[in-house]
Amino acid sequence: LQSNSQEQQEEEDTPITRFQKYLRINTAHPNPNYTAPISFLLDQARLIGLTSRTIEFVPGKPILLLTWLGSNLNLPSILFNSHLDYVPAESEKWIHPPFSAHRTIDGLIYARGAQDDKCIGVQYLEAIKNLKSRGFSPLRTIHISYVPEEELGGFDGMMKFAASSEFKDLNLGFVMDEGQASPGDEFRVFYGERTPWHLVIRAEGIPGHGAKLYDNSAMENLMKSVELISKFRETQFDLVKAGKAANSEVISVNPVYLKAGTPSTNGFVMNMQPSEAEAGYDLRLHPMADPNLMEKRIAEEWAPSIRNMTYIFKVKGNLRDNLGRPIMTPIDDSNPWWFIFKQAVEATGGKLAKPEVLLSTTDSRFIRAMGIPVLGFSPMSNTPVLVHDHNEFLRDTVFMKGIEVYESVISALSSFEGVSAQVI
Ligand SMILES: CSCC[C@H](NC=O)C(=O)O
Ligand SMILES: [Zn+2]
Ligand SMILES: [Zn+2]
């Protein structure tokens, strides 16, 4: 009986079943399907009455842009962004298959992407659909973007889009992008995020017999650095453990690979000390961190040339905008969007937690770097943070509440007339 009612439930066309359909389209790396989700979204957009455009900066990696024109085309527009891709999932380690979007009797929807970030991609559309059916008409133009490749750093997605003339022509005044779930009653909101530096350090030395003790081998030099980096990591982690800083307020540095040794047919040659060794690290820097100080530490302590070491950055995100300011969206009197957003959330009975800097990284950084204010927000309260984890889920009632929150947020932001000219 139960399975029957579940099947019936899934045949209906509701916001929840549309969410499930979107989740089931496999957009996991390394081979995300970008055509299927875009055709799904285009169907929705047509039904709702939004205009659409796809732009392809990199072949096979399209961006979908949906638009609801405002009544005053002179005012800067607003953008709601989400990404099409999600990270892979180890199916056999999940309690429900990650690509089936199973909804339990209790209303939990298990799926890769349920939190990160297909929820918001559908909620934006559902909210607009409801606003349209209530006869609302926006003053400012509303855009919704669906971008590829966020999970790989956005280099073939938002980075190219943000640098384009198409983006400039949108004349954006304010942008909303993904946030993160909140285990408590309050919604979380992000005004900035840490910047990624992907660092590779390399040591070279003369090879030698595995039985010989000698100075300056590649391995010895690399291991010295590994120890120093671990010590630095500990100083940062200690601040967090002592309650002196939040996780996102310190500099994190985590080893992600080690590469050394001379390969043989059954593993590695065991009696040879190798002539080259390298290690990869994922660093994340708070926007207020000093990038010059960090690079000095890397050059002088972690990869000093006097120990035959070199370093390169695979990724080195900017910490400052073109005017030299830390890349953060103001959340004070200087940013009226912040107050409109906050009021709109509170009007639905929602409460906001103290605004935060995000631990990880999203596409927002490319937009903030251009001086456009961005808030990161995914309306998921009373929900454990399961981004990139096994058993990612979202409760149906939380998803539905999020639609209501976006109705309020979208209508408020798109009705904002702007700061009136100052009277002298
Ligand atoms: C090099 S930026 C990578 C972006 C990625 N975003 C989500 O997890 C992250 O690792 O934070
Ligand atoms: Zn995401
Ligand atoms: Zn992610």
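Predicted model: local features only at pLDDT ≥ 70, side-chain atom pairs only at ≥ 80, totals over all residues.
Me: What makes residues of domain 1 and domain 2 count as being in contact?
Reply: Two residues are in contact if their C-beta atoms, placed from the backbone, lie within 7 Å, and by that criterion six residues of domain 1 are in contact with five residues of domain 2. On the domain 1 side, the touching residues divide into three nonpolar, two polar and one charged, while the centres of the two domains, taken over C-alpha atoms, are separated by 37 Å.

Me: How do you know which residues are around ligand 1?
Reply: A residue is taken as near a molecule if its C-beta atom, placed from the backbone, lies within 6 Å of it, and the residues around ligand 1 are Glu-151, Gly-153, Pro-196, Val-315, Ser-360, Thr-361 and Thr-362. By class, this shell holds two nonpolar, four polar and one charged residues, and Gly counts as polar here.

Me: What makes strand 4 and strand 19 edge strands?
Reply: The open, antiparallel sheet has three strands in the order 4-5-19. Strand 4 (102-103) and strand 19 (393-395) each have a single partner strand, so one side of each is left without a neighbour in the sheet. Helix 11 (residues 396-415) lies across strand 4, strand 5 and strand 19, and runs at about 70° to strand 19.

Notes
Residues numbered from 1 in each chain as written. Chains lettered and ligands numbered in written order. Domains from an automatic or database assignment. Pairing = 2+ DSSP bridges. Helix = DSSP H or I, 4+ residues; strand = E, 2+ residues; numbered from the N terminus. Axes fitted to C-alpha atoms, helices over the stretch in contact; angles between N-to-C directions.
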